[in-house]
Amino acid sequence: MIKISHVVALSKNNVIGIDNDLPWSLKSDLAHFKEYTSNKIIIMGRKTFESIGRPLPNRINYVVSTTIKNIDGVKIFSSTKEAIDEAYKECACIQKDEIVIIGGGYLFRETLIDINKLILTRVDCEIDGDIYYPEIDLSSWKLISTQSFTKDINNDYDFKIEEYIR
Ligand SMILES: NC(=O)c1ccc[n+]([C@@H]2O[C@H](COP(=O)([O-])OP(=O)(O)OC[C@H]3O[C@@H](n4cnc5c(N)ncnc54)[C@H](OP(=O)(O)O)[C@@H]3O)[C@@H](O)[C@H]2O)c1
């Protein structure tokens with residue numbers, strides 16, 4: 001079965017972004033993000049794409065937007081449903097087994113019902129922001145792994161990465 005997941009880093013008060021950027025610097029989490037998403041199809045909203053500023057290498061980049069039509073190295077879709085439908089087809093075609101939705105708030109909210117895997121980076125802080133991850137009821141999810149990281153020179157806060165499936 002093809003998995004479809006969210007990979008998201010959130011604070012204790014569910015903040016994921018501020019001023020179209022991340023609210024923290026967590027190098028170890030970015031390294032995990034790179035490793036987890038490599039060689040997969042990633043789907044993102046237009047604002048997340050603009051905040052990253054370029055297609056991510058070694059990944060198939062899908063962007064959902066009604067305002068941008070053409071960017072080298074990126075497949076653009078005018079609706080989230082179109083992007084997900086095409087990602088399933090492409091996954092089957094190239095024998096990949098996971099589609100990863102990488103944000104932002106808009107895309108996460110729209111696709112909460114579609115996903116069967118969650119990779120949550122829980123950042124140990126309460127922080128100001130303007131974009132939030134939706135409240136989710138984890139009672140129907142199963143925690144399959146947890147990894148803890150400690151604040152250090154490369155990571156602004158303690159955090160843990162949890163993987164859930166349903
Ligand atoms: N902490 C994390 O893990 C994480 C991950 C990713 C992003 N972020 C943060 O999240 C913030 C960006 O999130 P955001 O919620 O502002 O924006 P977003 O979800 O990245 O992008 C929103 C845009 O996507 C397009 N879009 C979304 N749904 C659509 C649909 N159904 N049909 C057509 N187009 C659709 C629209 O683009 P058009 O206006 O072009 O139509 C919309 O304006 C930034 O601060 C970023 O740093 C955090």
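1. A nonpolar core here means a set of buried Ala, Val, Leu, Ile, Met, Phe, Trp, Tyr and Cys residues joined through C-beta atoms within 7 Å. Keep in mind that this is a predicted model. With that in hand, the largest nonpolar core has 36 residues, and Val8, Leu10, Ile41, Ile42, Ile43 and Tyr62 touch the most other members. Strand S1 gives the largest share of this core, 5 residues.

2. Ile43 deserves a click in the viewer. Setting aside neighbours within four places in sequence, Ile43 contacts Tyr62, Val64, Ala83, Ala87, Ile99, Ile101 and Leu107.

3. Now the sheet. There are 8 strands in an open sheet with mixed pairing, and the order reads S5-S4-S3-S6-S1-S7-S10-S9. Strand S5 (75-77) and strand S9 (142-149) are the edge strands; each has a single partner, so one side of each has no neighbour in the sheet. On average, and ignoring direction, neighbouring strands are turned by 20° against each other.

4. Helix H1 (residues 27-37) packs on this sheet, touching S1, S3, S6, S7, S9 and S10. The direction of H1 makes about 170° with that of S1. Lys34 is found in H1 and comes out as partly exposed, because 13 other C-beta atoms lie within 10 Å, and partly exposed covers the range between 12 or fewer (exposed) and 20 or more (buried). Between Lys34 and Lys151 there are 20 Å in space, C-alpha to C-alpha, and the two are 117 residues apart in sequence.

5. S6 pairs with S1 in the parallel sense over 4 bridges, and Ile4 stands opposite Ile99 in S6. S3 is also joined to S6 by 4 bridges, again running parallel, with Met44 opposite Gly103.

6. On its other pairing, S3 runs parallel to strand S4 (residues 60-64), and 5 bridges join them. Gly45 sits opposite Val64 in S4.

7. Gly45 turns up again at the ligand. The ligand is surrounded by 29 residues, and the closest are Gly17, Gly45, Gly103, Gly104 and Tyr106. At least two shell residues come from each of S1 (3-10), S2 (15-17), S3 (41-45), H2 (46-52), S6 (98-103) and H4 (105-111). Sorted by class, the shell has 11 nonpolar, 14 polar and 4 charged residues.

8. Please check the backbone at Gly103 and Gly104. The peptide bond from Gly103 to Gly104 is cis, with omega near 0°, and Gly104 is in the loop between S6 and H4. For context, most peptide bonds are trans, and most residues other than glycine have a negative phi.

9. Two residues other than glycine have a positive phi and are worth a look. Asn39, with a phi of about 65°, lies in the loop between H1 and S3; Asn39 is exposed, with 11 other C-beta atoms within 10 Å. Gln95 has phi near 55° and is in the loop between helix H3 (80-94) and S6. With 6 C-beta neighbours inside 10 Å, Gln95 counts as exposed too.

10. Last, Asp19. This residue lies in the loop between S2 and H1, and with 10 C-beta neighbours inside 10 Å Asp19 counts as exposed. Asp19 and Val8 are 11 residues apart in sequence and 17 Å apart in space, C-alpha to C-alpha.

Key
Residues numbered from 1 in each chain as written. Predicted model: local features only at pLDDT ≥ 70, side-chain atom pairs only at ≥ 80, totals over all residues. Near = placed C-beta within 6 Å. Nonpolar A, V, L, I, M, F, W, Y, C, P; charged D, E, K, R; others polar. Pairing = 2+ DSSP bridges. Axes fitted to C-alpha atoms, helices over the stretch in contact; angles between N-to-C directions. Contact = placed C-beta atoms within 7 Å.
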